[in-house]
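Please look at the model below before reading on.

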Amino acid sequence: MILSEEQKAEIAAHTRRYNELKAAGQEHAPRALPAPTARDAAPIDADAVIHRETIPSGWYWTTRLNRGDTLRIVNTSGASTVSLLAWNSADTTERLNHADTIKVQWAARLQKGRVLLSDMGRALLGITEDSSAAHDAVVGGSTAATNVAKYGDGNFRNTRDNFILAAAKLGLDRRDVHPCVSFFAPVAIDADGKFIWSEQRRQQDDFVDLRAEMELLIALSNCPHPLDPAKAYPQASVEIVRYRAAAPAADDLCRTATAEAVRAYQNNALYLGETLEGAVR
């Protein structure tokens, strides 16, 4: 499509305004986010482990998380991408909103200290540890069509169909399957606005820890990302560890890193009938 000079000027004006708002929002961020967690720096106490699971290549897994439970997702082979959906278990019309997660926090990069937000402006999951910071909150998961385009005809499972099956297992249906976020998917956007895949940012035994900030239903899918350039469908499982995390400290990074996160946890407190002070304890 060839843009007119008027359209180009309008786009440039919107871009300038967005960058002004982004700079203003980030200027008031109380804390800088840290570098990725070292792979050997966050051991889990054996007594805190609730459950372990292995998700084979191409398959999905569902669970219910209590508030305070944490899921560690481990990319044991270094070749997997794990996509996630989340719902408020008490009211499944409230679910993960990947668009708000990006725009409210002024960043498409998911990393330690970021929060996954619901469509009601509440915190669903906090990223408490992350050795990778190579995740995708923009492109989404694979479908039957993207698999055929990449691998040709064959019985290759995909994220969209996995999530439809997972939703049914949780008592939901196809209309409850919303856009996902994908971990260990090193997608970036270049200067021309094109998606690029940076395989060197995805490493064996990378992990991400997701702490439940309310009672949740969770679905995970271990299928290759649609932008993954690998020619063959990967045969790579991932490890899941569900454990009970320590209570958040007063300076908990997820709850205090940005003004937007503080508001999200205040929204949680109002919803859960707690004091606003308790939202950032």
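In which strand is the place of Thr-128? Thr-128 belongs to strand β6. The model is predicted, and local features need a pLDDT of at least 70, side-chain atom pairs count only at pLDDT 80 or more, and totals for chains, interfaces and linings use all residues. Residues are numbered from 1 along each chain as its sequence is written, and side-chain values use heavy atoms, with hydrogens and water left out.

Strands (E, at least two residues) and helices (H or I, at least four) are DSSP runs, numbered from the N terminus. With a relative accessible area of 19%, Thr-128 is buried. Here buried means under 20% relative accessible area, exposed over 50%, and partly exposed in between, using a 1.4 Å probe and protein chains only. Strand β6 covers residues 123-130, and eight of its eight residues are buried, so the strand is largely enclosed by the rest of the structure.

Leaving aside residues up to four places away in sequence, Thr-128 touches Thr-70, Lys-112, Asp-209, Arg-211 and Cys-254. A contact means heavy atoms within 4.5 Å. Thr-256 lies 128 residues from Thr-128 along the chain, and their C-alpha atoms are separated by 12 Å.

**Strand pairs**

Two strands pair if DSSP finds at least two bridges between them.

| β5 and β6 | β5: residues 115-117 | three bridges |

β5 and β6 form a hairpin with five residues between them, and in the turn Gly-121 has a positive phi of about 75°.

**An open sheet**

β4 and β7 also belong to an open sheet of four strands, in the order β2-β11-β4-β7, with antiparallel pairing. β2 (60-65) and β7 (181-183) stand at the edges with a single partner strand each, so one side of each has no neighbour in the sheet. On average, neighbouring strands of this sheet are turned by 25° against each other, direction ignored. Within the sheet, Leu-84 stands opposite Val-181 in β7.

**The record**

An unreviewed UniProt entry lists residues 53-217 as "domain: DUF1989". Over residues 53-217, the chain is 16% helix and 32% strand, and the end C-alpha atoms are 16 Å apart.

Key
Axes are lines fitted to C-alpha atoms, for helices over the stretch in contact, and angles run from 0 to 180 degrees between N-to-C directions. UniProt positions are given in the numbering used here, feature names are shortened, and annotations may be inferred rather than shown by experiment.
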